[in-house]
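Dear colleague,

I am passing on the structure below, together with my notes on it. Please read the notes with the structure open beside them.

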Amino acid sequence: MSVQLYPGMPFSPQAALTNNIGATDTVIEVSDISAFPPAPNLATIGTDEEGETIAYAAKTDTALSGCVRGVEGTAKTWAKGEPIGRNWTAKDHADLIAAVGTAMDAADDAQAAVDNLSTAKQDALTGHPGQVVGFGADGAAEAVQGWSGRNLLINSDFRNPVNRNGKTEYTGIGHTIDRWSVLDGGKLVLNDGYITFYGRSSASYDNFRQSIEPSTYRGLKVTFSVLYRSSNTDWIVVSKNVGSSDVSTRVSNTQGKFELATISVAVSSTAALGFFAVMRTTKGAQTGIDLIAAKLELGDHQTLAHQDEDGNWVLNDPPDYALQYALCSLYSPITGEWTGSQHSNPNLLDNWYFADPINQRGQSEYAPTKYAIDRWRTVRTTLQAADGYVKLVPGDLSANNGYIAQRVENPDIIGKKVTISALTAEGRLYSMTGTPTEKTALALYAGVVLFYVDCAYLPEYRNSPLIGIGINRNANISELNLVAVKLEFGSVQTLAHQDEDGNWVLNDPPPNKALELAKCQRYQTVYSYPSGGFSNATYIAVGIATNSTTARFFIETPVPLRARPAVVIDGFYVARGSSDRVKVRGATVLWPPIQDKVGVQVTCDGANFTVGDVVFLESFSGAALRLDANL
């Protein structure tokens with residue numbers, strides 16, 4: 001069922017009736033037609049439960065027309081001057097609930113369809129795990145446990161390849177079907193169920209390839225396999241620039257039957273750039289090489305295909321065009337360059353959205369080497385909370401960089417490839433990738449921006465790596481304006497993408513501020529109270545005196561604190577009655593908490609409590625209480 005939802009009007013401006021209307025009138029003249037959204041829409045007449053909701057079908061310069069009266073309430077006579085406006089109505093609320101219910105039902109149906117499709121794909125597989133045939137080091141066939149290794153290539157099922165450029169034939173040098181290109185020349189033709197690559201008559205060889213950045217696979221063995229058919233003798237090349245020389249195998253003539261060619265190679269530990277390709281060497285051959293599928297995978301066994309009982313090669317993996325299309329969409333079909341997507345990896349940082357950060361301390365500026373906005377500490381830089389970003393202003397950078405830093409409770413980043421990125425208020429995106437170690441701080445420089453990861457600053461912080469973002473001292477800039485930052489696993493930033501005009505746009509919406517506040521309150525909870533004299537005092541908690549100068553209170557926390565906090569308390573008094581007050585001089589924390597209530601024991605000068613006295617913790621003159629469990 002489709003539900004009509006009507007747009008609202010910001011701030012619900014009010015107009016007035018400019019003429020009397022009866023209960024059956026369908027044209028309603030108003031004093032300000034701009035107070036109403038485009039038709040069709042709703043409006044309400046009156047200000048209380050005796051009001052009337054109408055639906056209008058059109059607008060003129062001075063009136064609402066085609067009105068349906070009494071959509072809510074009763075159609076009645078109204079006098080000139082009665083308020084009318086686009087206010088939120090019970091109908092809006094009911095329609096929204098109905099629309100959400102419809103959307104949830106559709107989502108459930110879609111998920112059920114996906115589950116059914118997944119089951120159907122699994123049922124379509126032939127054989128059982130363990131029956132996939134691979135080849136050992138001696139060339140003998142042997143079973144590979146499990147169906148199939150992950151394919152490191154994209155769009156390599158040539159029976160129905162992703163082809164966003166839309167051509168059925170590609171000639172010369174450049175990109176062809178998605179993620180694949182012709183380097184030296186030749187021709188690629190799309191056929192029904194396979195593709196054919198032809199070499200040039202004047203060339204000793206041409207190649208059809210997909211480039212792979214091999215840094216993730218350095219020192220590992222990979223296997224490249226191709227299901228092909230050719231009446232010529234061709235070279236199948238697995239790699240260039242990943243070892244001391246190209247690694248290839250020569251395949252013999254076939255008699256119209258698809259065969260499998262496989263090569264295993266260890267990727268050099270110093271490999272800088274590599275590609276994996278199918279290459280032709282037969283000069284002037286017009287028959288070409290027919291390709292059904294290719295695969296690059298970790299290990300020394302191929303899992304691209306297995307032989308059935310008749311000796312025919314059968315692909316192990318069912319086709320998944322939708323997945324391949326999604327992967328190809330991350331790259332330009334014209335240049336092959338990474339363009340990113342609006343999908344995003346999890347952000348390992350808290351309070352990363354500096355356009356509207358959590359700032360429980362409430363200051364607009366924080367000096368160097370201080371805790372600042374929640375979860376961040378300044379290091380040789382001043383942080384200023386501006387409108388829509390935070391500004392870093394470095395101190396003396398002659399010897400060191402200036403940055404803000406956050407400790408994360410995630411030792412898993414040690415030894416893993418991570419990417420740090422930052423978006424500035426000027427619309428610049430800076431991003432760097434590195435692999436932190438336990439022993440050496442990692443400093444990455446992206447132009448004027450410093451990214452810093454230190455996993456071994458102090459032994460007690462060994463499980464809490466320090467993540468810094470700031471100013472490169474060699475950049476000679478006066479400030480850095482940050483809108484958002486991100487730390488994520490992998491070698492690609494997913495903080496932002498460029499729109500069609502080249503502007504950087506955040507992939508993720510602004511975080512839920514209540515959730516972000518709760519995450520920050522695990523490290524720090526701040527209680528602040530209004531200023532004023534004793535007449536404005538606020539009772540914070542009821543406690544009990546433990547001796548003549550100390551009292552104990554239990555204060556509820558919004559979320560459980562990460563660890564035993566330090567307590568900072570200022571402007572508080574302990575009162576036994578309406579006028580018997582003594583100022584709090586110091587405080588300690590009682591730990592562990594009791595049902596999310598942290599015990600705070602305070603000391604007062606000049607007190608004269610009796611053990612067991614019921615006392616009150618009272619704020620005064622802009623008092624502040626902070627429970628600080630920062631790393």
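This is a predicted model: local features need pLDDT of at least 70, side-chain atom pairs count only at pLDDT 80 or more; totals for chains, interfaces and linings use all residues.

Residues are numbered from 1 along each chain as its sequence is written, and side-chain values use heavy atoms, with hydrogens and water left out.

The protein holds three helices and 44 strands, where helices (H or I, at least four residues) and strands (E, at least two) are DSSP runs numbered from the N terminus. Of its 631 residues, 43% count as buried; buried means under 20% relative accessible area, exposed over 50%, and partly exposed in between, with a 1.4 Å probe and protein chains only. Among contacts (heavy atoms within 4.5 Å) between residues at least 6 apart in sequence, 64% join residues at least 24 apart.

On the sheets, I begin with an open one of six strands, which has the order 11-14-15-22-17-20 and antiparallel pairing; two strands pair if DSSP finds at least two bridges between them. Strand 11 (169–171) and strand 20 (259–266) stand at the edges with a single partner strand each, so one side of each has no neighbour in the sheet. From one strand to the next the twist averages 25 degrees, with axes taken as lines fitted to C-alpha atoms (for helices over the stretch in contact) and angles running from 0 to 180 degrees between N-to-C directions.

Within this sheet, strand 14 (residues 187–190) pairs with strand 15 in the antiparallel sense over four bridges, and Val-189 has Thr-196 as its bridge partner in strand 15. These two strands form a hairpin with four residues between them, and Gly-193 in the turn has a positive phi of about 95 degrees. Strand 15 (residues 195–198) is also joined by three bridges to strand 22 (residues 289–298), the two running antiparallel; here Phe-197 stands opposite Ile-289, and the bridge partner of Thr-196 is Asp-290. Strand 15 is covered on both faces, with Ile-195 and Phe-197 buried on one side and Thr-196 and Tyr-198 buried on the other.

A further open sheet has five strands in the order 1-8-3-4-7, again with antiparallel pairing. Its edges are strand 1 (14–16) and strand 7 (68–72), each with a single partner strand, so one side of each is left without a neighbour in the sheet. The twist here averages 35 degrees from one strand to the next. Strand 4 (residues 52–56) pairs with strand 7 over two bridges in the antiparallel sense, and Thr-53 stands opposite Glu-72.

Strand 16 (residues 206–212) has six of its seven residues buried, so it is largely enclosed by the rest of the structure. Its antiparallel pairing with strand 13 (residues 181–182) runs over two bridges, and Val-182 has Phe-208 as its bridge partner.

Turning to helix 3 (residues 513–521), its buried residues are Glu-516, Cys-520 and Gln-521. Seen down the helix axis, these fall within an arc of 140 degrees, so they line one face of the helix; the arc is that of the directions from the helix axis to the C-beta atoms. The buried residues pack against strand 38 (524–528), whereas Ala-514 and Leu-515, on the other side of the helix, are exposed. At the start of helix 3, a side-chain oxygen of Asn-512 reaches to within 3.0 Å of the backbone nitrogen of Ala-514.

Leu-17, in the loop between strand 1 and strand 2 (28–29), counts as buried at 2% relative accessibility; its C-alpha atom is separated by 7.3 Å from that of Ile-28, 11 residues apart along the chain. Glu-618, in strand 44 (residues 614–628), is buried at 1% relative accessibility, and a polar contact of 2.3 Å joins its side chain to that of Arg-581; a polar contact is a pair of N or O atoms within 3.5 Å, of which, within protein, one must be able to donate a hydrogen and the other to accept it, and residues adjacent in sequence count only if both atoms are side-chain atoms. Lastly, the structure holds zero disulfides (pairs of cysteine sulfur atoms within 2.5 Å), and Cys-455 is buried, with a relative accessible area of 1%.

With best wishes
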